[in-house]
Amino acid sequence: MTKAMSEQVDAFKHRPLAARYACIYLDATYIALKRDTVSKEAVYIAVGIREDGSKEVLAYTVAPTESAFVWEEVLQDVKARGVEDVLLFISDGLKGITDRIFAVFPDARYQACCVHLSRGISHKVRVADRAEICDDFKSVYRAESRASGEKALQAFVDKWKKTYPKVTQSLASNPYIFTFYDFPKSIWRSIYSTNLIESFNKKVKKYSKRKEQFPNEDSLDRFLVSQFEIYNQSFSTRCHLGFDQARAELTAMFKE
C-alpha cells in the first residue's frame, strides 16, 4: 500500500496541467513533521481555477518556513508542467511574493487578500477602535465599482490618518488592493481574498492532527496527496461560485 501511495505521489507531482487558469491562489499552512526533531513546517499549496470554474490543487511543497523564493520554485514547477497563462494570482501579501510571481508569469496580475489586510489593520490599532476601523475598510473592497472603492479608501485615510498614520500610509501605497475590480463582477467575492484556499487548508490541517506528527516527509507527502486527490476529484466538474456567469468575459481576457 505504501509503495502504491508513493507512486501516486510521484504521479500527482508530475502530472501535466492545463495551459491556462483564470486565477491561482497561494497559501501555506503549518504541519508538524519529524526530521531530527519535531517542528511545524510550511506546506505550500497552490489551487487554480480554470475559466469554466473548475478547480484543483496544482502543486505543493514542504519547507521549514514560508519564503517568496520557495513560492517561485512552486510556480516554476507549475509552468514546467504546462501552465502558460494566468490572469490573476491571489495571496496574503507575503513580502517579496509579487516579484517572484512576475518573474515566472510576467503578464499575470496580483490581488492582495483584503481579509488579511483587514486582520493586519486590527493588530495595529487599539482594541476600542478595531470594530469601527475594520468595518470602514470593508467599504473599500465591497464597493459597487473600482472608482467607488478608491473613493472609500480615500475617505478611510482621511478619517484615520491622524490616529494611525502608518496604517493609512501602508494602505494608500498598496497597488494591489483594487485589482479584483477589473474582473467580472460575479467573481469579485471569490477573488478579493484567499478564503477559498484557506478554508481548504484548515481541513487539511484538521485531518493532519489525527496523526499528531508525521515521522518523515514521505509520510506527509502520502497524506497530503490523498487529501489533494479527494479535493480534485470533488471539484473537477463543479463550477465555483460566480464563474459560470463570468466565463465569456474571462475567455476574452485571455485573448487580450
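# Notebook: strands, core, cysteines and charges

I began with a pair of strands: E1 (residues 20–34) and E2 (residues 38–49) run antiparallel and are joined by twelve bridges. A note on names: helices (H or I, at least four residues) and strands (E, at least two) are DSSP runs, numbered from the N terminus. Two strands pair if DSSP finds at least two bridges between them.

Before going on, I wrote down that this is a predicted model, in which local features need pLDDT of at least 70 and side-chain atom pairs count only at pLDDT 80 or more, while totals for chains, interfaces and linings use all residues. Residues are numbered from 1 along each chain as its sequence is written, and side-chain values use heavy atoms, with hydrogens and water left out.

**Entry 1: the sheet**

I followed the chain from E1 to E2 and found a hairpin of three residues joining them. Across this pair, Leu26 stands opposite Ala46 in E2.

Next I looked at the other neighbour of E2. Eight bridges join E2 to E3, and these two run antiparallel. Here I found Val47 opposite Val57 in E3. The hairpin of E2 and E3 has five residues between the strands, and in it Gly53 takes a positive phi near 95°.

In what order do the five strands form the open sheet? I read it as E3-E2-E1-E4-E5, with mixed pairing. Strand E3 (55–63) and strand E5 (109–112) stand at the edges with a single partner strand each, so one side of each has no neighbour in the sheet. From one strand to the next, the twist averages 25°. For angles, axes are lines fitted to C-alpha atoms, for helices over the stretch in contact, and the angles run from 0 to 180 degrees between N-to-C directions.

I then turned to helix H2 (residues 68–80), which lies across E1, E2, E3 and strand E4 (85–91). H2 runs at about 135° to E3. Contact here means heavy atoms within 4.5 Å.

Is E2 largely enclosed or left open? Nine of its twelve residues are buried, so E2 is largely enclosed by the rest of the structure. Buried means under 20% relative accessible area, exposed over 50%, and partly exposed in between (1.4 Å probe, protein chains only).

**Entry 2: the core**

A nonpolar core is a set of buried Ala, Val, Leu, Ile, Met, Phe, Trp, Tyr and Cys residues joined through side-chain atoms within 4.5 Å. The largest one has 87 residues, and Leu26 and Leu250 are among those that touch the most other members. E1 gives the most to this core, with nine residues.

I looked up what Leu250 touches, leaving out residues up to four places away in sequence. Its contacts include Ala22, Leu87, Phe183 and Phe243. In general, nonpolar side chains in soluble globular proteins tend to be buried together.

**Entry 3: the cysteines**

How many disulfides are there? A disulfide is a pair of cysteine sulfur atoms within 2.5 Å, and by this rule the count is zero. Cys23 is in none, since the nearest cysteine sulfur, that of Cys239, is 11 Å away. Cys23 is buried, with a relative accessible area of 2%.

The sulfur of Cys113 is 6.8 Å from the closest cysteine sulfur, in Cys114, which is too far for a bond. Cys113 is buried too, at 1% relative accessibility.

**Entry 4: the charges**

Side chains of opposite charge can pair when their charged atoms come close. A salt bridge is a side-chain nitrogen of Lys or Arg within 4 Å of a carboxyl oxygen of Asp or Glu, and the structure holds 17 of them.

I picked Glu41 and Arg35, whose closest N and O atoms are 2.6 Å apart. Glu41 is buried at 4% relative accessibility, while Arg35 is partly exposed at 42%.

In a second salt bridge, Asp136 and Lys159 have their closest N and O atoms 2.8 Å apart. Asp136 lies in helix H5 (residues 127–141) and Lys159 in helix H6 (residues 146–160), so the pair ties together parts 23 residues apart in sequence.
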